Each structure stands twice: as structure tokens, then as C-alpha cells.
Amino acid sequence: MRLPQNKSWREVVSDEILVSIDQHIEAHLNVPGALMPLLHAIQDDIGYVPESSYPRIAKALNLSVAEVHGVVTFYHHFRSHAPGKHILQICRAESCQSMGSEALEAYVKKTLGVDYHQTTADGAITLEPVYCLGNCACSPAASMDDQVCGRVDIARVNEIIAEARGA
Amino acid sequence: MAIKIYVPRDSSALSLGANKVAANIQAEAAKRGVEINLIRNGSRGLFWLETMVEVATAKGRVAYGPVMPKDVASLFDADFMSGAAHPLNLGLTDEIAWLKKQERLTFARVGITDPVSVEDYVAHDGYKGLKNALAKSGADIVKEVTDSGLRGRGGAAFPTGIKWNTVLNAPADQKYIVCNADEGDSGTYSDRMIMEGDPLVLVEGMTIAGLAVGATQGYIYLRSEYPDALVTLNEAIANAYQAGYLGEDICGSGKRFHLEVRRAAGAYVCGEETSLLESLEGKRGLVRFKPPLPAIEGLFGKPTVVNNVISLATVPIVLDKGGKFYQDFGMGRSRGTLPIQLAGNIKQCGLVEKAFGVTLRELLYDFGGGSASGKPIRAVQVGGPLGAYLPESQFDTPLDYEKFTEIWAVLGHGGIVAFDDTVDMAKMARYAFEFCAVESCGKCTPCRIGSTRGVEVMDKIIAKEDHAKNITLVRDLSDTMLNGSLCALGGMTPYPVLSAINHFPEDFGLKKGQVA
């Protein structure tokens with residue numbers, strides 16, 4: 001996996017980030033089944049769930065660090081390392097396949113010079129597969145960050161990538 | 001009075017530029033000094049016509065579509081606000097044949113109302129079911145649902161009333177209503193359309209479920225791939241609290257029900273009810289052994305109703321018009337209607353709600369208009385990634401749970417994905433295993449290991465290595481997964497695989513008609 005520049009596997013996160021993580025933990029202490037909403041809150045805020053936050057989360061929710069690690073890694077949505085500035089998801093499910101998503105995938109991988117779960121060299125875009133965006137009536141589908149796009153052909157995906165790089 | 005203009009906020013419409021269309025309409029109206037009331041409705045479900053803009057006129061709502069952002073100025077030039085002629089004019093929405101041929105019960109309001117307005121919801125027969133439910137005992141509500149013949153629309157088709165009855169009769173200090181909104185099947189989007197187009201019907205259905213079984217807390221477990229639905233649901237729930245339809249004292253009855261949306265995190269297996277409950281509890285989504293049933297020991301060990309979005313969203317009309325009314329639709333033991341989703345390589349993709357009994361052929365050709373590519377439709381997959389592939393010879397099968405079982409297929413959540421004659425069924429069979437390998441929770445061996453072995457064997461078949469032997473091996477592996485897996489993920493992956501081999505042997509290096 002290629003990571004954005006200046007990031008190592010064991011990321012050192014800033015004190016500022018640790019403070020905001022602690023605030024999220026504090027806000028979720030009395031929530032039943034708190035771990036999932038807490039992980040979402042952290043990832044929504046800083047873009048990923050840093051490994052260095054696992055011990056804090058574990059201690060606050062009376063879990064083991066292994067349990068926290070297990071949950072973060074079980075779900076495709078959660079990431080433990082910082083992604084690129086934007087996340088491009090290409091749907092790989094049957095409906096999109098029936099409308100030519102395989103060619104689209106191949107094109108995007110070639111254009112960005114990355115495979116799935118990798119980030120472009122300029123740190124702009126992380127490419128992820130997704131199994132259904134619920135946009136099966138407008139296949140093939142892709143999404144840039146939270147914006148779903150329908151009937152995505154090569155021209156459209158070029159536009160989406162250019163917009164993201166420009167932003 | 002300001003003229004009402006409707007532009008959908010449905011995420012499929014948004015994926016085609018609906019927000020830009022709405023913004024251009026606002027800007028154009030401001031420029032021309034015209035007063036408009038722009039309402040962001042749900043989608044009517046005619047996705048080849050999205051963005052479909054509607055204007056309320058004296059004769060009724062007039063539709064225009066597909067509207068691109070660049071078309072907006074010409075719509076104003078043509079005076080579309082009075083329903084005037086324009087190349088994109090589709091006539092009165094209610095007269096569009098595609099909609100007229102449907103029987104919309106669960107989807108009665110989708111595309112018509114402002115999804116988050118309680119006032120609009122009530123003005124269109126909303127909360128009538130709840131009013132009736134508040135006057136009944138829990139047992140009587142359960143009886144009404146049982147009498148309706150409603151079966152779980154998530155795919156398993158278990159009678160909803162029987163599930164509720166088990167929870168009703170399970171003594172506990174706390175019970176839960178959990179809505180399974182982890183709609184992960186490819187080719188399905190009806191849950192999303194409800195949540196984005198008429199979320200209050202789901203809120204009402206869950207409230208009625210709570211009254212029926214004595215549960216005071218509900219959770220909607222929503223997939224993380226639906227960020228727009230999250231926004232709509234949260235707005236609708238906040239408005240329902242505000243209007244006194246949720247909270248400590250529902251409509252002054254003294255009864256309480258609280259509701260919260262919880263986000264999933266991209267695990268397909270969490271659509272399986274026990275795995276979903278683990279996830280809600282903050283754990284990895286590992287499937288639980290049954291028994292105990294969730295109805296006895298569910299969320300946090302308490303009796304829990306777990307129902308799909310469509311099942312719960314159908315409850316209000318059952319309580320409004322009575323179980324008998326709903327029961328009168330359908331065929332055999334499949335009562336009522338099914339919201340069917342046309343997807344993939346189909347010309348006119350969209351949401352068709354029809355009574356059970358409609359055939360695949362009617363859906364694919366009368367509604368769908370054939371393939372999008374113009375090539376013959378060769379195969380359809382019904383019921384998501386774990387559903388069987390059906391060849392043209394089976395297109396006359398009526399949509400009915402038992403009829404589908406007879407041909408070794410499933411209706412599932414009502415999604416239909418069509419493929420034209422360029423499809424390679426051996427690749428689709430390989431993909432079925434691959435998907436299972438990506439999404440397996442890993443608890444049981446047939447699913448965890450079988451899926452990966454399946455990909456390997458399919459690779460050999462595709463590479464034309466020792467055909468006959470490897471086909472036998474795939475069948476043997478499928479048999480193990482079918483009978484030995486803990487849940488439907490491993491247990492039904494053989495459906496797409498074996499149906500592909502049986503119906504399309506020529507793609508597997510076998511002679512047509514030769515079933516190895």
C-alpha cells in the first residue's frame with residue numbers, strides 16, 4: 001500500500017488530534033453500543049481512526065486494544081491510516097458490471113496509476129472498490145467523497161477526477 | 001401564490017445532477033422575478049427520466065424530464081410553470097403509463113410529498129395507521145399484521161406477524177425494534193428510495209411495531225454507503241419528535257417510543273440479522289448461532305424485532321386500511337405487493353411496485369423496455385448477489401416466493417439485474433465466489449475457505465484446465481457451502497454459481513444441454 005508522503009506506518013498524530021479524539025470518546029461514554037458511532041465520529045472528523053487512538057478508546061469503553069483493532073479492521077469503511085485528500089469509489093457489483101464497470105475500473109486504475117486501496121503519488125485521490133452504492137438504476141456508478149455519480153463513462157470519470165484535483 | 005416546483009433529492013437523481021438543476025431553477029426564477037416554492041421530493045422511480053422536474057398546475061402535476069442543468073432556461077422560456085409544451089414535457093405525472101400500471105401501496109407517497117414534512121405526510125394519509133394502532137391492544141396490532149399476510153421483504157420472507165408475536169410474548173424489561181437498512185444487494189435500492197423519499201412511513205411503521213410488541217427503543221441500522229438517506233432520515237426523525245409522533249408521549253397517548261439512526265460501516269454480512277445485532281452492540285459483525293432467535297434474545301440480549309425497511313414501511317398501510325385490504329393483493333402465499341427494482345442493462349430502470357404474480361417478462365420488457373444496449377437480454381439475476389441467474393426460458397415465472405423456490409431461485413429483496421448477450425457467465429460465477437470471499441465474516445469454514453477455493457477452481461475452469469474434473473469439484477464445494485454454512489452468505493453463494501453452470505453450460509466449456 002502506498003501512503004501519502006511523510007506518513008509512516010506508525011503514524012504519530014498531533015496533540016491537537018488526540019484532544020479531539022478524547023472529546024469524541026467523552027461524548028460517547030454513555031451511548032449503548034458506543035464503539036461504532038464513536039469510530040464514525042472520529043473518522044468523520046479526522047478522516048481515519050489512528051492506531052494510536054486504540055488504547056484510549058479501549059480504556060474508555062472497557063475493551064481490549066485487540067477488540068478495537070478487530071472492529072476497525074473488520075469493516076471496510078473504517079481506515080487506520082490517513083487517506084488521500086479525496087476518496088474515489090468505483091462500484092464493482094453485478095449491476096454495474098452489466099453496464100461496463102470493468103472497463104471503467106481498468107481505465108481509472110491506469111489513469112491514476114494506482115490499484116484499489118492505494119493513493120495517488122500526489123496524495124490527491126485514494127481509490128477504493130465499493131459493492132453497491134444503491135444507484136443500480138443508473139449503472140455504472142462511482143462516488144467521489146460522498147457524492148454519488150450515475151452512468152459514469154470515461155468522459156464523466158475524467159471530469160470527476162479533474163474536479164477533485166482542482167478543488 | 002408561489003408555484004410549486006418539485007425537484008427530487010433522491011440520491012440517484014442527485015447522481016445525475018438534480019442539485020444543479022434545482023440551483024439553476026432557483027437562479028433562473030430569481031433572475032426573472034418569478035416567485036416559486038421549490039420542493040425537494042423523493043423520486044417517482046423513473047430513473048431514465050431523472051432529473052424529472054414537476055410543476056403543480058390547476059390540472060395536476062406536469063412532469064418534465066430528463067432535465068439537464070442546461071435545459072432550465074429553455075423550460076422557463078417555454079413557460080413550463082403553467083405546464084406548457086416543451087420537448088421534455090411528459091404530460092400529467094399521474095397519466096404516465098409506467099406509473100399508472102403499478103399498484104403503489106408501500107410507495108404511495110414517494111415522489112409526491114416533501115419527505116421530511118410531517119404536515120405533508122399527514123395531509124397524504126400519513127399517521128392514520130398509528131392512530132388506529134393507538135386504539136388497539138398490542139395483540140390486536142399483531143393480529144392485523146398477521147392477517148395481512150405480510151412476509152419479510154428483506155429476502156427471507158418470514159411472516160412478519162409471527163415474528164412480532166414471539167417478541168410480544170417474550171417477557172422483558174426492555175425490548176427493541178431494529179430496522180435492517182443495510183441494503184447491500186446489488187440491483188436493489190427500494191429501501192434507499194423509501195428512506196430518501198418517504199422516511200416518515202418507516203418512522204410510523206417502527207412506532208407501530210414498538211406499540212405492538214411493547215418496545216420503547218428503535219434503531220435504524222443504515223448502510224454507510226447511503227449518506228443522503230442519513231440526512232433525510234435524521235431530518236424526518238427530528239420533525240417527528242417535534243410534532244409529538246416520537247418521544248415520551250406519542251400523540252398524547254402516554255406511550256413512548258424513541259428512534260435513532262445508527263450507521264453501518266460497509267460490511268455486507270451485517271445485513272444478516274444476527275451479525276447486524278453484533279454490529280449495533282459495537283462488535284465485529286460475526287454471525288451468531290441460532291437459537292436463541294433474536295425475537296427471544298436479540299439486541300443486548302433482549303427480545304428484538306428485526307425487520308427490513310420495506311416490511312416496516314408497509315405496516316402503516318396495513319393498520320390504516322386493514323390486514324384484509326393488503327391481503328387481497330398478490331397470489332398464493334405471497335400476499336400484497338412487492339417493490340421491484342429494475343437495474344443493470346435495462347433501458348427503463350426504476351421502481352415498479354406490483355402485486356405478486358407479475359412475470360419477469362412483463363417487468364423486463366413492458367416496464368423495462370428491453371436491454372439498454374439494444375442487445376438481447378441473456379440472463380437476469382434476481383434477489384441480489386446471492387440470487388440465481390435465470391435464462392430467457394424462465395422469464396415467464398411469476399414473482400411469487402414459492403414459484404421461485406420451485407425453479408431453485410429466490411426473490412430476495414426484489415432486485416432484478418439484467419445482462420445482455422455479452423455477459424460471460426463463468427466470470428459471473430467466479431465473481432460470486434470472490435464477493436463471498438471479500439464479505440465473509442469468517443466465522444464458519446465453508447464460507448471463509450470455500451469462497452476462496454471457489455475463486456481458484458473457477459480460475460482453472462476459465463483457463464480451460466481439466467474442465468470436467470473442476471466442474472465436479474465446484475459442485476462438490478457448492479454442496480458443502482449450501483449445507484454447511486452458518487448463514488445465507490456462504491449458504492446461498494452456490495445459487496448464482498450453480499444456476500450459471502446449469503443454465504449457461506456453454507460458458508463453462510460444456511456442451512449446451514450437457515449438465516456435468
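In which loop of chain B is the place of B:Thr51? B:Thr51 belongs to the loop between β2 (36-39) and β3 (53-57) of chain B, and a cis peptide bond joins B:Glu50 to this residue. The model described here is predicted.

**Chain A: elements and sheet**

- Chain A contains seven helices and five strands.
- In sequence order, the elements of chain A follow the pattern α-α-α-α-β-α-α-β-β-β-β-α.
- The C-alpha trace of chain A spans about 50 × 35 × 25 Å along its principal axes.
- Five strands of chain A make an open sheet in the order β2-β3-β1-β4-β5, and the pairing in this sheet is mixed.
- The edges of the sheet are β2 (118-119) and β5 (147-149) of chain A, each of which pairs on one side only.
- Strand β2(A) runs antiparallel to β3 (residues 125-130) of chain A, and two bridges join them.
- Within this pairing, A:Thr119 has A:Thr126 in β3(A) opposite.

- Strands β7 (residues 217-222) and β8 (residues 258-263) of chain B pair in the parallel sense, with six bridges.
- In this pair, B:Ile220 stands opposite B:Val261 of β8(B).

**The interface of chain B and chain A: extent**

- The size of an interface is often expressed as the accessible area lost when the parts come together.
- By that description, chain B and chain A bury about 3,700 Å² between them, and 55% of this lies on carbon and sulfur atoms.
- On the side of chain B, the residues that lose the most area to chain A are B:Arg263, B:Ala265 and B:Tyr431, which together account for 17% of what that side buries.
- Chain B brings 57 residues to the contact, and chain A brings 38 residues.

**The interface of chain B and chain A: polar contacts and composition**

- There are 27 residue pairs in polar contact between chain B and chain A, counted with both residues at pLDDT 80 or more.
- Several elements of chain B give two or more residues to the side that touches chain A, among them α1 (11-14), β7, β8, α12 (273-280), β12 (337-344) and β16 (415-420).
- Helix α17 (425-439) of chain B is also one of these elements, and α17(B) gives the most to that side, with seven residues.
- The residues on the side of chain B that touches chain A comprise 31 nonpolar, 14 polar and twelve charged.

**Salt bridges**

- Over all chains, the structure holds 42 salt bridges.
- Three salt bridges are found across the interface of chain B and chain A.
- A:Asp44 forms a salt bridge with B:Arg263, in which the closest N and O atoms are 2.4 Å apart.
- Within chain A, A:Glu159 forms a salt bridge with A:Arg156, and the closest N and O atoms of this pair are 2.9 Å apart.
- A:Glu159 and A:Arg156 both lie in helix α7 (residues 154-166) of chain A, where they are three residues apart, about one turn of the helix.

**Backbone features**

- Most residues other than glycine have a negative phi, and most peptide bonds are trans.
- The cis peptide bond between B:Glu50 and B:Thr51 has an omega of about 5°.
- A cis peptide bond also runs from B:Gly65 to B:Pro66, with omega near -10°.
- B:Pro66 is located in the loop between β4 (60-64) and α3 (72-77) of chain B.
- A:His117 has a positive phi of about 70°, although this residue is not a glycine.
- The loop that holds A:His117 lies between α6 (101-112) and β2 of chain A.

Definitions and conventions:
Residues are numbered from 1 along each chain as its sequence is written. Chains are lettered from A and ligands numbered from 1 in the order in which they are written. This is a predicted model: local features need pLDDT of at least 70, side-chain atom pairs count only at pLDDT 80 or more; totals for chains, interfaces and linings use all residues. Side-chain values use heavy atoms; hydrogens and water are left out. Two strands pair if DSSP finds at least two bridges between them. Helices (H or I, at least four residues) and strands (E, at least two) are DSSP runs, numbered from the N terminus. Contact means heavy atoms within 4.5 Å. Buried area is the accessible area (1.4 Å probe) that two parts lose on being put together, summed over both. A salt bridge is a side-chain nitrogen of Lys or Arg within 4 Å of a carboxyl oxygen of Asp or Glu. A polar contact is a pair of N or O atoms within 3.5 Å; within protein, one must be able to donate a hydrogen and the other to accept it, and residues adjacent in sequence count only if both atoms are side-chain atoms. Ala, Val, Leu, Ile, Met, Phe, Trp, Tyr, Cys and Pro count as nonpolar, Asp, Glu, Lys and Arg as charged, and the others, Gly among them, as polar.
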